[in-house]
Amino acid sequence: MKIKVKPVLVAAPMAFCYRALIKTLRFEVEGFENLTRLMNNKEPAMLALWHNEIFTLTAYGVTKGFPYVTMASDSRDGQIITKTLERIGYKVARGSSTRGGVKAMLSMTRLMKKEERIGVITVDGPRGPRHKVKQGILAIAQRTGSAIIPIRGYVDNPTVFEKSWDRFEVAKPFSRCKVFMDKPFRVTDEKLTPEVLESEALKLENSMKNLGHGF
């Protein structure tokens, strides 16, 4: 017999442990001014990151305390992730590219506009392919008039889950983490036809792959 545990009961200790661990991490950042310049000018912004770097970049985001909004799946696992993220300061739009994606995108767009939140999207999630930009972020960015800041996080000697599709990385306590933020990527004003979406996604993908490479 399966025993169902309420997501909030799992999320509370997860959020506590996460906060305790990230307090030990040492961050070095390049390009932070690319985001603050947008914020100072009250321009809407989004952060684009790879799925395998969520742990480190979410940790860095928590240290800054900015108003973020992201997406999580409608699944039970998504409930746990949502409750955990909410406890560390994120707003969450429910849904994903495979379940309720349109609903989540509309909800995220609304929260970005109404509450002036920074959108955060794992552009190759939730199931890959690894480091291949999906096109949802482009539609949201155009709809909200947001500039996209590509962001990468490199960790010294992380724990890597080799069998996961994205080779997910978890920083060990007291790790050094190098964060890079690129100059704003602005989506074209053209109609987002399949051809335009493919071209824009490739441009963003190349920016992210080159960011901090070989530092």
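Visitor: What counts as buried here, and what counts as exposed?
Guide: Buried means under 20% relative accessible area, exposed over 50%, partly exposed in between, with a 1.4 Å probe and protein chains only. This is a predicted model: local features need pLDDT of at least 70, side-chain atom pairs count only at pLDDT 80 or more, and totals for chains, interfaces and linings use all residues. Residues are numbered from 1 along each chain as its sequence is written, and side-chain values use heavy atoms, with hydrogens and water left out.

Visitor: Which residues of α2 are buried?
Guide: N34, L35 and L38, in a helix that spans residues 32-40. Helices are DSSP runs (H or I, at least four residues), strands likewise (E, at least two), numbered from the N terminus.

Visitor: Why are they on the same side of α2?
Guide: They cover an arc of only 95° around the axis, so they share one side of α2. The arc uses directions from the helix axis to the C-beta atoms.

Visitor: What covers them?
Guide: The cover includes β2 (45-49), β5 (118-122), β6 (147-155), β9 (176-181) and β10 (185-186). Contact means heavy atoms within 4.5 Å.

Visitor: New topic. How many aromatic pairs?
Guide: The structure holds 6. Rings of Phe, Tyr and Trp (its six-membered ring) pair if their centres lie within 6.5 Å; planes under 30 degrees apart are stacked, over 60 edge-to-face, the rest tilted.

Visitor: Why is the pair Y18 and F55 edge-to-face?
Guide: Because the planes are at 85°, with ring centres 5.1 Å apart. Y18 is in α1 (residues 7-22) and F55 in α3 (residues 54-64), 37 residues apart. Both are buried.
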